[in-house]
Structure formats: structure tokens, C-alpha cells
Amino acid sequence: MKTEVVGTAFRLIFSSGRVLQGKEMIGVTLSLLLSGDPVAHRVRIDDIVTDSRDPDGEVLLHKVTVVDGATPVELCDPDPDGNRFMFPLKGQWDSEGKMISQSGFTLTCSAGAQGKCVRFGYKPWKTLPDGTDLAEYHRACVNMVRADYCGDRATTRTGMKIDIYDDRGIQREAESSGSDELSFEAAWTVAGAVCVAHTRVPEKMTLDGLTRSCPRLADRLGVTPCTEQNAKAGLFGKALLFNRSR
């Protein structure tokens, strides 16, 4: 039997030629390696639903349970909606959210940055009609969700409110912009931020701290150089994503 991943769906190909894929996988138990654990576990797929946020109906959300022990355990932590969804993504990521291999697949929880960014519309397996690779937008989004300004570590905190938008209209700036408590935070690429107006969680990272830990950003910090207008104009290089936060 061969296990493949297409988009966010499993595909099982049996030696007989029979294929199970997508929602046909409900009720199937797989032996899978989980993140950080060298021992395979028995993982049961209890349900699969189409993500209601996906206008294309491509993203499948899986409810899964680890059934090795006497008491089954749900695999994922709750996401902001309180759901414990998971889906597979082709490739492998490290603990810092960086893709380290195109081979194999990774089980991605909807509570994590990789899962959130897929649900935002940045599907790393897709290419837009003009040739734009959404894998780059997905990587930039992971940096943004994690407040990973230098591309080396997260500095965010669970529950932070952010407004996300991009140069392709996949995510658009909230209509409340200008009348809410959020202000422009940073512009993002696959390497991290291209400039930072203010840090999201000053208790974890300040602009002074970024000056020391990320010298490439030293002249791109603060509200004077790092304006939304400058970022969108490409003053610091082409940015893919932008965000606002408190």
C-alpha cells in the first residue's frame, strides 16, 4: 500500500489498484510518525469535512484520534474556533515552521501557523494562472503568524488579534481599518519581515531587540521608515503579505 497526499487529502493506493482518497478515508486507521516522535502511532480518521472558509472547497479538515493506548487521544490542540482539526501537507517542516524537505508529508493542526495559513488561502501546492507560486505566500504567512521577524524564531503569543492582507487580494484589509485599535505592524516575505513598524508582543521582542538580533532590519524599524506606503512601494524589497496588530 502506498500513501500519498494531494492538497490536504490522503490518498491510499493498494497493490490491487484500488484507491481510497478524500472523504473516503473516514474510519481508516493509519500507522504514522508524529512530530518529534520516532515511533509510529495508530491514528484513526474519525471524520472529514470541507472547510467552510475555502471558496474553492479544496481544503479538507480531518478529525483524528491517536488510538495506541487504552484511552484514545485527540491529536491536535483546539484552534481559535475550539475545533481540533488536522490535515496532511506534502513536505516536511521543522519546529520553527520552515519547510526542510519536499518529500513525505506532515500532519498539520488547524491551531498551528502552517494550518492557519492554508485556511487563509495560501495553499502551498497551488500555482496561480499567472505562475505565482503560493508556496512562497504560505511561507511568508507562517512568518507573519509567528511574528518571526528575522526568520529564526517566533515572538507572538496565543490569542493575538491581527489583520492580514496581501498583494494578490487573497486576504484583504479589514473594513474597520482606520477606525479600530490595530495599526500597521510589518510587511513579510519568505525570509521574515522586510520592515517592522512595531512589534506585536513587546514583552517578547522590542524594536531595540530586533536591531541587535536582526541587523538587516536595523534601518527599517519604527513607524517613520516602515509605513504601509513604503512597504507596498517596494522600498525595502518586494513584500508579499502585510499585517496590522495592536
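E173 is partly exposed, at 28% relative accessibility; that class lies between buried, under 20% relative accessible area, and exposed, over 50% (1.4 Å probe, protein chains only). This is a predicted model: local features need pLDDT of at least 70, side-chain atom pairs count only at pLDDT 80 or more, and totals for chains, interfaces and linings use all residues. Residues are numbered from 1 along each chain as its sequence is written, and side-chain values use heavy atoms, leaving out hydrogens and water.

Who pairs with E173? R244 does, in a salt bridge of 3.5 Å, N to O. The rule is a side-chain nitrogen of Lys or Arg within 4 Å of a carboxyl oxygen of Asp or Glu. R244 sits in strand β13, and E173 in the loop between β10 and β11, 71 residues apart. R244 is buried, at 2%.

By this rule there are 24 salt bridges. Another joins D79 and R119, with the closest N and O atoms 3.6 Å apart. D79 is buried at 6%, and R119 is buried at 13%.

Now the sheet. It is open, with four strands in the order β10-β13-β11-β12, paired antiparallel. Strands are DSSP E runs of at least two residues, helices H or I runs of at least four, both numbered from the N terminus. Two strands pair if DSSP finds at least two bridges between them. β11 and β13 pair over five bridges. One example: A187 has F242 in β13 as its bridge partner.
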